[in-house]
Structure formats: structure tokens, C-alpha cells
Amino acid sequence: MKEYGGYFSLELYENEEYYIYDSNSVRRCNSARSAIVDAVRDGKYRRIWVPIYTCDSIKKTLQMSDIEYVEYNINEQFLPVDVSVASGEIILWTNYFGVFQEKWIQDNVVRRYKNVIIDNTQSFFTVPQMDVYNVYSCKKFFGVADGAYLIHEGLAEQPFKEYFSMPSAEFLLSSLENGTNGAYQEFLCHEKRLETEIGGRMSELTRRIMASIRYHEVMEKRGRNYRYIQNRLDEYNELHFTITDQIPMVYPLLVKNETLRNYLVANKVYISQWWKWIIEYSGSNEFERYLSKYLIPLPIDQRYGVEDMEEIVRIVKEGL
């Protein structure tokens with residue numbers, strides 16, 4: 001029965017989610033890791049190929065879910081090395097930074113391996129290729145505590161347990177008053193909790209927030225910010241990508257500089273080091289270790305304008 005009266009709850013702009021396919025093509029999960037597990041089970045695959053250059057929480061999740069996996073390396077084109085996907089197997093390929101064009105993915109990944117999960121956690125706006133599995137993360141692009149989409153034509157029905165964001169989502173409200181750095185410890189506690197919550201449905205809180213976002217504005221701001229930084233830092237960057245309609249997660253600056261990351265953090269440009277365990281990992285190759293050590297993922301998201309990008313560029317150049 002509907003409730004009437006009482007106090008006001010959080011008011012959110014009422015719109016639609018970005019991915020609104022029918023229930024046979026989209027599944028709302030509590031995390032991208034849950035979506036990956038769901039894809040493997042939906043296709044009844046016995047084994048999954050997983051890139052070494054990715055978050056190790058994926059492998060922990062697969063272990064917790066009793067799913068067999070095998071690791072693979074990537075080359076300097078971010079493509080798999082020495083991978084042969086057999087019948088009954090599937091490969092997880094990451095759309096790194098969100099900079100790869102859809103046709104390039106189709107030609108170099110989908111057609112080559114057939115059984116594919118495209119990990120679009122770093123590329124929320126990449127159009128899904130419906131004959132393979134597509135995974136999207138909400139929290140890597142928007143101010144939500146969790147949430148992910150699994151998209152594939154003809155998904156089988158799958159029972160999901162309820163998941164509630166509220167018990168650990170206080171960091172979202174705290175960050176409004178204390179900044180993201182001020183709420184960082186709360187955020188880490190939430191991430192720890194999310195690691196163990198596999199197989200849950202997207203929370204109602206996350207779904208409502210995702211339906212309140214002005215996606216066109218987000219795309220416009222991210223694209224503009226990326227192009228601004230690219231025009232001013234591309235000469236220093238060892239990575240070069242052609243951006244047309246892609247909407248990246250970050251500007252991936254790769255430069256061999258031992259002190260730049262610490263210099264940026266000291267100047268309040270908070271840059272995480274992606275997967276630094278790879279530097280010492282025996283299975284990683286030279287390129288993967290180099291990326292882990294020197295990649296600087298610069299923020300270009302919708303919180304910022306051109307003036308902010310100008311300041312980030314200034315600080316980067318001072319630190320080089």
C-alpha cells in the first residue's frame with residue numbers, strides 16, 4: 001500500500017536510466033563483478049579467460065563463485081596475447097579507459113574470439129554489442145554507491161537476492177560536505193563490503209539516482225574535458241588514441257616519471273595507482289608492469305569544467 005504524508009525523503013530528478021532495454025536484454029546487478037559472474041553462468045561456460053592487467057578483485061570474485069579462470073597478458077595494442085578460447089570458454093576483455101571505437105572492438109575482439117564479455121566498466125557510454133555480453137559499472141562514472149548493467153540479447157531469467165546500498169552509502173552524503181578526500185575512509189569500508197556481496201540486484205537507491213542523471217550533459221562535459229587535456233598533453237604521452245564519439249573515463253597519461261604521481265597528489269590532484277601489485281607479479285609482462293608503474297589516469301569527469309582542466313594541465317606540466 002502506498003504511503004502518504006510524513007517527512008520528505010531524498011528528492012531526485014525523475015528521468016530514465018541510460019540503459020532501458022527489455023528484461024530479456026538487460027539485467028541490473030549490484031556490481032560489475034556480479035555481472036561478470038552472471039554472464040558466465042548465463043552462458044553456462046566452464047572457464048573464463050581474465051586479463052592480468054585488471055583489478056584483482058575480479059579473480060577473487062570468480063574464486064568465491066567457484067568459477068575456473070585462466071589469466072592472459074595484453075600487448076601494447078591492449079589485445080590478448082597467446083589466447084585460444086575453446087568451446088565452453090569465454091574471454092573477458094577490458095575496454096581500457098573507454099577510448100576504443102566500437103568498430104575496432106568488433107573487428108579485433110568480438111570477431112576473433114566469439115565468446116566474449118566486454119568489460120565496459122571504464123566506458124559507460126559504449127554501445128553494447130548484443131551478440132556478446134556487455135558489462136557496465138555505475139559507480140565508476142556517477143555518484144552512486146554501487147550498481148552495474150549486464151546487457152546481452154536473450155538473457156535467461158535469473159533470481160537475484162535483494163541488495164541495499166543504504167547501510168554503507170553514507171560516504172556519498174559525507175563527500176558533499178567534507179569532500180571526497182574527507183570521506184575516503186568511509187568509501188574504503190563500503191568497497192570492502194561490496195567485495196563480499198555477489199549476486200545481488202541493483203539497489204533501489206542506485207536505480208533512482210541513475211534515473212535522475214542528465215546523461216547528455218555528462219557526455220558533453222567528459223568529451224570536452226578529454227579533448228582539452230589531450231590537446232595540451234598529448235606531446236608528453238606515450239599513449240595515443242583517436243577520439244571521435246567515445247566518452248572516456250579518464251585521460252590516460254603514460255609518462256616515465258618517478259615523481260609525478262606524488263607531485264599531483266601533493267597538489268590535490270588525487271591519482272590512484274591502478275593495480276600496483278602487477279609490478280611484482282611473476283605472470284605480468286613488461287608492458288603491463290610499465291603501465292602499472294607509470295600510468296597517470298587524469299580525471300576528466302562531469303564534476304569539472306575547462307577551467308579545472310587548465311589547472312590540472314598546469315600542475316602536470318610543473319611536475320614533469
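Mentor: We shall take the sheet and then the helices. This is a predicted model, in which local features need pLDDT of at least 70 and side-chain atom pairs count only at pLDDT 80 or more, while totals for chains, interfaces and linings use all residues. Residues are numbered from 1 along each chain as its sequence is written, and side-chain values use heavy atoms, with hydrogens and water left out.

Trainee: In what order do the 8 strands stand in the sheet?

Mentor: Strands of a sheet pair through backbone hydrogen bonds, either parallel or antiparallel. Here the open sheet runs β1-β8-β7-β6-β5-β2-β3-β4, with mixed pairing. Helices (H or I, at least four residues) and strands (E, at least two) are DSSP runs, numbered from the N terminus; two strands pair if DSSP finds at least two bridges between them. β1 (26-29) and β4 (80-81) each have a single partner strand, so one side of each lacks a neighbour in the sheet.

Trainee: In which sense do β7 and β8 pair?

Mentor: β7 (residues 133-137) and β8 (residues 148-151) are antiparallel, over 4 bridges. Ser137 stands opposite Ala148 in β8.

Trainee: How is the packing of α1 and α2 described?

Mentor: Two packed helices are described by the angle between their axes and the distance between the axes. The axes of α1 (residues 32-42) and α2 (residues 57-64) come within 10 Å and cross at roughly 50°. Axes are lines fitted to C-alpha atoms, for helices over the stretch in contact (heavy atoms within 4.5 Å); angles run from 0 to 180 degrees between N-to-C directions. Arg33, Ile36 and Val37 in α1 meet Ser57, Ile58, Thr61 and Leu62 in α2.
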